[in-house]
Amino acid sequence: MNFDREKFNAVKAAFTLDDDALRTMVEDFRADMRAGLAGEPHAMMRMLRSYLGLPSGKENGTFLALDFGGTNVRALRILLKGGGDYEVLSKVAKPLTMPGLYDHISADATAEEMFDFLAELIDEAIEGNRTTPYLLGHTFSFPSRQTDIYNAELIIWTKEFATRGVEGKVVNDLLKEALARRGMTNVTPVAVINDTVAVLLAAAYKNEHTYIGSIYATGQNTCYYEEFADGSAPATIINMESGGFCNLPCTKYDDAIDRESEKPGAQRLEKMVSGRYLGALYGAALADLLGADGIYPFTSIELSEIVADAYLDRHSAGAAIEAKTGMTFSAAERTLLQELATAVIVRSARIVAATYAGIIQHRRGEDELENQFIAVDGSVYEKVPLVAHHLRAALDMLLMDEAVNVQIILENTGSALGAALAAAMTETK
Ligand code: GLC
C-alpha cells in the first residue's frame with residue numbers, strides 16, 4: 001500500500017458536505033445576499049447592479065459581441081431576429097496566452113497590449129470594415145463597479161489574471177482607445193455586462209421565466225433578476241460575484257490553494273468549486289495522502305479523466321495519477337484515488353446547488369415557488385462528469401417538494417448572444 005487507509009478516509013471525509021451543512025450554507029448565503037444588497041461593509045458578495053432588466057424578446061438588428069473572460073476571447077457579429085431567434089454572421093476566437101509566443105494575462109502584460117489584441121480580433125470579425133456603424137456589447141467577466149450600462153470599472157482581477165493597468169479602469173474606455181488606435185471609429189462600445197448576465201439575457205430571450213444565470217467554468221458566479229420587493233430601487237439584474245462568498249467549511253487543502261493563488265483570501269467559494277482550481281485541490285489532497293510536499297498540478301480536465309474511467313482496473317485513471325506522482329498503484333488503490341477525485345467534484349456541485357437554492361428562496365420570499373428556469377453555462381457544468389447530476393440532486397434535496405418547479409437549462413451561446421442583446425437593449429431603453 002502506498003498510503004494508509006485511515007488517512008485516506010480522513011482526506012476524503014474532509015471533502016464531504018452533508019445535507020445539514022448544505023442547508024446551513026443556504027441560510028448564510030441568503031443572509032449575505034441581503035447584506036450585500038444593503039451595502040453593508042461586512043458583506044462578502046459584491047451584489048453589483050447591471051443597470052439592465054430582462055430582454056423583451058423583440059430585440060433585433062446586427063450587433064457586435066466581444067466575449068472576454070476566460071482563456072479564450074471571442075468577437076462575433078450577430079443578427080438578432082426577435083422572438084428568441086438569432087444568427088451568428090461571423091466569429092473569431094483566440095487564446096489570450098500562447099506559450100512561447102505571447103501572454104496577455106500575466107503581470108508582465110500591459111493594458112494596451114491586451115486591448116490592442118481585442119481590437120484586432122474585433123477587426124477580424126468585421127473583416128476590416130471601416131464604414132458600417134456597429135454597436136458593440138462587451139461581456140467582461142470580472143467584478144466591475146458599474147454606474148450605468150456603459151461605465152464598468154474593473155474592481156479587481158480574478159481567475160489568476162494579472163495584466164497591469166486595468167484594475168480601477170473603465171474597461172470600455174480602454175477598448176475605445178484601442179479601437180481608435182486602429183482607426184475603427186465605426187465601432188462603438190455601448191454596454192458592458194458580466195458573463196453571468198449574458199447567460200441570463202440569452203436564456204430569457206428564448207424562455208420566459210428565466211431569472212437566474214450562472215457560469216460554472218474556469219470561474220464560478222451567478223446573477224439573478226432582483227425586483228426589490230420593498231420598492232427601494234428599480235428592478236435590475238444583479239451580478240452577485242458569488243465566488244466571493246466565504247462563510248464555508250474550508251479544508252486545509254482549500255487553504256493551501258488560497259495561499260498559493262494570486263489573491264489570497266479572495267474568492268474562497270470560487271476556489272472550492274471552479275475549473276481553475278478543482279484539479280489543484282485534488283493535487284493538494286493527494287500530496288497530503290501520499291506524504292509529498294506541495295501540490296500536484298492536476299488540471300480539471302485530468303480530474304475529469306480520472307473520474308470518467310469506468311474500467312475495472314482503473315488503468316487510465318492510474319496512468320494519469322502515476323504521471324504526476326511518479327508512484328505506481330494497485331488497482332484497489334487506483335479505485336480509492338478515483339473516489340477521492342469524485343469527492344472533490346461532488347463537493348463542488350453541492351456547494352453550487354446551495355447557492356442556487358439561496359437565490360431561489362430569496363426571490364420567492366413568502367410566495368409560492370413559481371415555475372422557472374435556471375440558465376447555466378460553462379465547461380465544468382457541461383463536461384465534468386457527475387457535476388450536473390449532483391447539482392440537480394442537491395437542489396432537489398434542498399427544495400424538497402418544490403424542486404419540480406425549477407428546471408436547470410444549459411445555455412451555451414450566452415456570452416456572445418447576451419452581449420449582442422445588451423447592445424440592442426441600449427437602443428430600446
Ligand atoms: C469570476 C469573476 C466573475 C465571473 C466568473 C465566471 O468569478 O469574478 O465576474 O462571472 O469568474 O467567469
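**Helix packing**

I started with helix α3 (residues 111-125) and helix α4 (residues 171-181), which pack at an angle of about 65 degrees with their axes 8 Å apart. Axes here are lines fitted to C-alpha atoms, for helices over the stretch in contact, and angles run from 0 to 180 degrees between N-to-C directions. Helices (H or I, at least four residues) and strands (E, at least two) are DSSP runs, numbered from the N terminus.

Before going on, I noted that this is a predicted model, where local features need pLDDT of at least 70 and side-chain atom pairs count only at pLDDT 80 or more, while totals for chains, interfaces and linings use all residues. Residues are numbered from 1 along each chain as its sequence is written, and side-chain values use heavy atoms, with hydrogens and water left out.

The crossing of α3 and α4 is right-handed (the near helix is turned clockwise from the far one by less than a right angle). On the α3 side I listed A111, E112, F115, D116, L118, A119 and I122, and on the α4 side V171, L174, L175, A178, L179 and R181, as the residues that make the contact (heavy atoms within 4.5 Å). I sorted them into 10 nonpolar, no polar and 3 charged.

Next I traced an open sheet of 6 strands, in the order β1-β13-β12-β11-β14-β15, with mixed pairing (two strands pair if DSSP finds at least two bridges between them). Its edge strands are β1 (48-49) and β15 (406-410), each pairing on one side only. β1 runs antiparallel to strand β13 (residues 236-239), joined by 2 bridges, and L48 has N239 as its bridge partner in β13. I also found helix α13 (residues 387-399) packed on the sheet, where it touches β11, β14 and β15; its direction makes about 160 degrees with that of β15.

Why do I call strand β11 (residues 210-216) largely enclosed by the rest of the structure? Because 7 of its 7 residues are buried (under 20% relative accessible area, 1.4 Å probe, protein chains only). β11 pairs with strand β14 (residues 372-377) in the parallel sense over 5 bridges, and there T210 is partnered with F373. With strand β12 (residues 220-226), β11 runs antiparallel, again over 5 bridges, and G213 sits opposite C223. A hairpin of 3 residues joins β11 to β12.

**Rings and burial**

I counted 14 aromatic pairs (rings of Phe, Tyr and Trp, the last by its six-membered ring, with centres within 6.5 Å; planes under 30 degrees apart are stacked, over 60 edge-to-face, the rest tilted). F15 and Y253 are stacked, at 5.6 Å centre to centre and 10 degrees between the planes. F15 is in the loop between α1 and α2 (19-37) and Y253 is in helix α6, so the pair ties together parts 238 residues apart in sequence. Both F15 and Y253 are buried. Ring pairs also link F68, F115, F140, F142, W157 and F161 into a cluster.

In helix α6 (residues 252-260) the buried residues are Y253, D254, A256, I257 and D258. Their cover includes α1 (5-14), α7 (268-273), α8 (275-290) and α11 (331-364).

Leaving aside neighbours within four places in sequence, T139 contacts L66, D67, F68, I193, N194, D195, A198, S415 and A419.

Terms used
Ala, Val, Leu, Ile, Met, Phe, Trp, Tyr, Cys and Pro count as nonpolar, Asp, Glu, Lys and Arg as charged, and the others, Gly among them, as polar. Buried means under 20% relative accessible area, exposed over 50%, partly exposed in between (1.4 Å probe, protein chains only).
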